[in-house]
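This report describes the structure shown below, one topic at a time.

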Amino acid sequence: MSLITDLEQNKILIGDGAMGTLLYSYGSDFCYEELNLSQADQIYNIHRAYLDAGANIIQTNTYAANYSKLERYGLQDHVKEINKAAVSIARNAAQNEYVVGTIGGIRGIKPNSISLDEIKRSFREQLYCLLMENVDGIQLETYYDLQELETVLEIARKETSLPIITQVSLQEVGFLQDRTPISEALNRLENIGADVVGLNCRLGPYHMLKTLEEVPLPNSAFLSAFPNASLPSYTDGRFIYEGDADYFKECAHLFRQQGVRLLGGCCGTTPAHIRAFSQELKDLEAVTEKEVKQVKRKLVIQSASKPNYVPLSEEVKKKQSIIVELDPPRKLDTLRFMEGAKALKEAGIDALTLADNSLASPRVCNSALGSIVQKQLDLRPLVHITCRDRNLIGLQSHLMGLHTHGIHDILAVTGDPASVGDFPGASSVYDVTSFELIKLIKQFNQGLSLSGKELGEKTSFTVGAAFNPNIRSIDKAVDRLEKKIAYGADYFISQPVFSEERLIETYESTKHIDKPIYIGIMPLTSSQNAEFLHHEVPGIKLSDSVRDRMSKFKDDPTQAQKEGLLIAKSLLDTAMELFNGIYLITPFMRYELTVELAHYAKANHPSLLARRSQNA
C-alpha cells in the first residue's frame, strides 16, 4: 500500500503536528535538526507521541536541514548525516506508518533574501540525502514564495516518482504574498506534478478554512491542511501558543467538508491536537464533491490627492535646484532648528532634508519635524528613512504615517550600523537593504503593502537614493546607482565631494544616467572637523590639498571657518557647471554656513540652467 493509494481510496490521512514547538517547550532553543545526532531519543519520543495520537504520516525532523540554514550554526558540512539520522529515527518510530522527508522553504517573506541558484544547490543536496534513505514521500512545506516552491518542485518531480506534498503559507486569507490567489497557486503546483497541494503554517484553523472555501477540489491531486494552533503570544521571553485541542475537534469536520484528505498540525500543535483530528475523522471517507464559494474581489485603490505637488526629480530638470540637510537636534529644544529651517526657506532652497538618526545616534523624529516644517514654514521636507532602525512592520507603518502627513519626498538609505552610535549595544535591524526599501516604497505607490495587501489608496512618494562617488572605483559606485534605478529610484543624493577633480570624474561617469543627481557639498568648520570626516566617517574622503588648507588654520577657528566656506564655494562653482542639483549639508547645526552657500549659489549662477538648455 502507498500513501497515494490510500488517498485515492477516499481515506483521510492524519499527519503529525509541530516538532519545534515541543522541543522549544522542553527547553531546546538551538538547531532542532542537530538533535537528530545529539538527542535522537528525544526526537524518537516525539514521533511516537504523534503516532500514538493517531497520525498515519510523520515528517522527518529535517525542515531546516539544508546547507543554507545549517550554515547559521556552523553545521553546513553535516547535511548528509543529519538527514540520514532523521530518516532513521522516524523509520524506527513509524514501524508500518508512512514517513515523509520534509524540506522547508528558505526565502520566507523576503523574496530576494537568497538567489534561486543558491536555493537549487541547497535543495538538491538535501533532496538526494532524503531519497537515498528511502522515505515514502517528500513534503515541501512553509513556502511563502511561490517562485521558490515551483522551482524546487520541478527539481523534485524530475528526480523521483515518490508522492510529493506541497504546502504554501498564506499572507492573508485567499492570497499568497505576491497576490496570487490560492486556487491559482495550488492549480499551478498540481500542473507541475505535486500529488498533494495545500496550506500550512502562519494561520490557525479559522482563516485556513475561510481560504479553503474558495478552493475547488484538484483534478488529480489531493488537498492538505496543517494549521497552526493559534496566534502566538510572547510571555517572559518565550513564545506561547494557547489554542486548545477541543477547538481542533470542532474544526476537524469542517476541514473534511472542504475536501481535505491529509490533515495535520503546524506551529503550536501537540499530540493532543492531532488526537482530536484523528478521533473525529476516524473511519470517515473524504468528500468527493464540494461547493466552492465564489468570492468577487475588486481591487479598489484610489490615487492620492497631491495638490500642487511637483516631485523634486521633476523640479530639478526644470531649474537649478538646491536642497539642504539640517539634522534634527539630539535634544528636545527645537528652537535653533526651526530658526535654521526658516532662514533656509528665506534663502530660497527647494527642500529641507532631514536625516534619520544620523551616525546611529537618537535625535528628534525627522518625520515629526518634517511635518512641522511643512505646515509652519511651507517648506518641502525630504525625509530620510534607514533600514537600520525599523523592522518590516515598522517601515510600513512609518511610510503610511508619512503619507498621512502629506510628506511625499523620501531618501531611502541603509543607515550606519548601531555599533557606531551612542548605543553600540542596540540592534541594527536591516530586514531589508536600501534596494528592497526602494522597491517597497514603489509598491506603496501602487497601493499595495509588502505582503500585497491593499492599502486602499496609492501613495505618491518620490524616492531618492544615496550615491557615494568617493569610493576608489567610481565605476562600482555607478553600478550600484544603476541597480537602484532598476529597483525604482527617481533621483540621487550624493555624499559630500571635496575636490573639483572628483566632481568632474563623477559627472563624466554618470552623464549617461537619465536620473537627476544632487551633488553633495559640505562646508568644513575646522581642521579637526576635516580630519574626523576623512578618517572616521564612512563614505567621506577629503583630498590632501583640502586637508592641508584647513590645517593652516587649526589654531584659528574663525579663519578656519572662512577657509571652509571658500573651499565650499569653489566646489559649488564647479558643481553647478556640471549638475542641476546641489545638496548642501549643514555641519553641527551651523545653518548660517549653508544659508550663505545657498545665497552664493543663486547670486553667482542665476541663469545656468537656461544657458544649458540653449546650448543643448
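Helix α17 (residues 434–444) lies across β14, β15 (409–413) and β17. Its direction makes about 150° with that of β15. Helices (H or I, at least four residues) and strands (E, at least two) are DSSP runs, numbered from the N terminus. Angles run from 0 to 180 degrees between N-to-C directions, and the axes are lines fitted to C-alpha atoms, for helices over the stretch in contact. The model is predicted: local features need pLDDT of at least 70, side-chain atom pairs count only at pLDDT 80 or more, and totals for chains, interfaces and linings use all residues. Residues are numbered from 1 along each chain as its sequence is written, and side-chain values use heavy atoms, with hydrogens and water left out.

Eight strands close into a barrel with parallel pairing, in the order β12-β13-β14-β15-β17-β18-β19-β20. From one strand to the next, the twist averages 25°. Helix α15 (residues 366–377) packs on the sheet, where α15 touches β13 (351–354) and β14 (381–386); contact means heavy atoms within 4.5 Å. The direction of α15 makes about 170° with that of β14. Two strands pair if DSSP finds at least two bridges between them. Strand β17 (residues 462–467) and strand β18 (residues 491–496) have four bridges, in the parallel sense. Ala465 has Phe492 in β18 as its bridge partner.

## Helix α6

Helix α6 (residues 79–94) has 16 residues, which should span 22 Å at 1.5 Å a residue. The expected span is 1.5 Å times one less than the number of residues. The end C-alpha atoms of α6 are 22 Å apart, so the two values agree. Just after α6, Gln95 takes a positive phi of about 60°.

Buried residues of α6 include Val79, Ile82, Ala86, Ile89 and Ala93. Buried means under 20% relative accessible area, exposed over 50%, and partly exposed in between, with a 1.4 Å probe and protein chains only. The buried residues of α6 pack against α3 (35–38), α4 (40–52), β2 (57–59), α5 (67–70), β3 (98–104) and α7 (116–132).

## Ser68

Ser68 is found in helix α5. Its relative accessibility is 18%, so Ser68 counts as buried. Leaving aside neighbours within four places in sequence, Ser68 is in contact with Ile106, Ile114 and Ser122.

## Aromatic rings

The structure holds five aromatic pairs. Rings of Phe, Tyr and Trp (its six-membered ring) pair if their centres lie within 6.5 Å; planes under 30 degrees apart count as stacked, over 60 as edge-to-face and the rest as tilted. One of the pairs is Phe248 and Phe277, which is tilted, at 4.9 Å centre to centre and 35° between the planes. Phe248 lies in helix α11 (residues 245–257) and Phe277 in helix α12 (residues 271–281), 29 residues apart. Phe248 and Phe277 are buried. Together with Phe255, they form one aromatic cluster.

The rings of Phe435 and Tyr487 have centres 5.5 Å apart and planes at 50°, so this pair is tilted. Phe435 belongs to α17 and Tyr487 to helix α18 (residues 474–487), 52 residues apart. Phe435 is buried, with a relative accessible area of 8%, whereas Tyr487 counts as partly exposed at 23%.

## Charges over rings

The charged end of Lys484 sits over the ring of Phe435, 5.8 Å from its centre. Likewise, the charged end of Arg179 sits over the ring of Phe175, 4.1 Å from the ring centre. A charge sits over a ring if NZ of Lys or CZ of Arg is within 6 Å of the ring centre and within 35 degrees of the ring normal.
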